[in-house]
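Here are a few notes to read with the model open beside you. Could you go through them in order?

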Amino acid sequence: MFNLCVAHAYNYSELTAMSLVVLVLTGIEALCKVDRRFAPFTDSLFSRASLSVTREQLTKEENEQLNTNISAFLRVLVNHFLLPAAFQVLEYCIRRYQVHVYSVSDLLLCALPYHSTPEFARLVALLQLKETSWEWLAPCQQTGAPPPRDLLVRRCVNDQVGQTAAALGKAVCGQRFERQQQYLWKW
């Protein structure tokens, strides 16, 4: 269970399938008001029909299409990750699409700009990192703390995943990310 926002009014453990749909529709509607790029996902990832999706029963091609849609959605979500509506939608993605198992890299790339927040630490705690390129975050799962900044800097400089994350951050956040990145390299 995701339940990132402890102060949130929802008790995620008691959600039924239909109340989960109401929750995600409320969340995606709020996100659409903030950023219209979320609108296409209301008819695909977050429709009532998505309730019948079971990843294990999808064909390879259907899973690839689902992964493409999830990846596109998470690239839009990166700028809105800390909004309560994002947590509602991520709860749905975890329960319905098992993104914490099948889309670990996309999910972490979405959340990485918020690496120092408790929300990032909570997300990392839910992920199945074993045998992924993100396995180095496993100690954070045990401590429940965000990863140390020096560890992130070393990973960004020294490995493919880190370089991908840095490139994504620059593409998504533009000048703001470049200034933060310059600060990180000086640190």
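1. Helices here are DSSP runs (H or I, at least four residues), numbered from the N terminus. The model is predicted, so to speak of local features takes pLDDT of at least 70 and side-chain atom pairs count only at pLDDT 80 or more, while totals for chains, interfaces and linings use all residues. Residues are numbered from 1 along each chain as its sequence is written, and side-chain values use heavy atoms, leaving out hydrogens and water.

2. How many of the 14 residues of H3 are buried? Twelve are, with buried meaning under 20% relative accessible area (1.4 Å probe, protein chains only). Among them are Phe87, Leu90, Tyr92 and Ile94. The buried residues pack against H1, H2, H4 (99-102), H5 (104-111) and H6 (118-126), where contact means heavy atoms within 4.5 Å.

3. Next, the aromatics: the whole structure has eight aromatic pairs, counted when ring centres of Phe, Tyr or Trp (its six-membered ring) lie within 6.5 Å. Phe41 and Phe73 have ring centres 5.4 Å apart and planes at 75°, so they are edge-to-face (over 60 degrees; under 30 is stacked, the rest tilted). Phe41 sits in the loop between H1 (17-34) and H2 (60-77), and Phe73 in H2, 32 residues apart. Both are buried.

4. Ring pairs also join Phe38, Phe41, Phe46, Phe73, Tyr92 and Tyr97 into a cluster.

Definitions and conventions
Helices (H or I, at least four residues) and strands (E, at least two) are DSSP runs, numbered from the N terminus. Buried means under 20% relative accessible area, exposed over 50%, partly exposed in between (1.4 Å probe, protein chains only).
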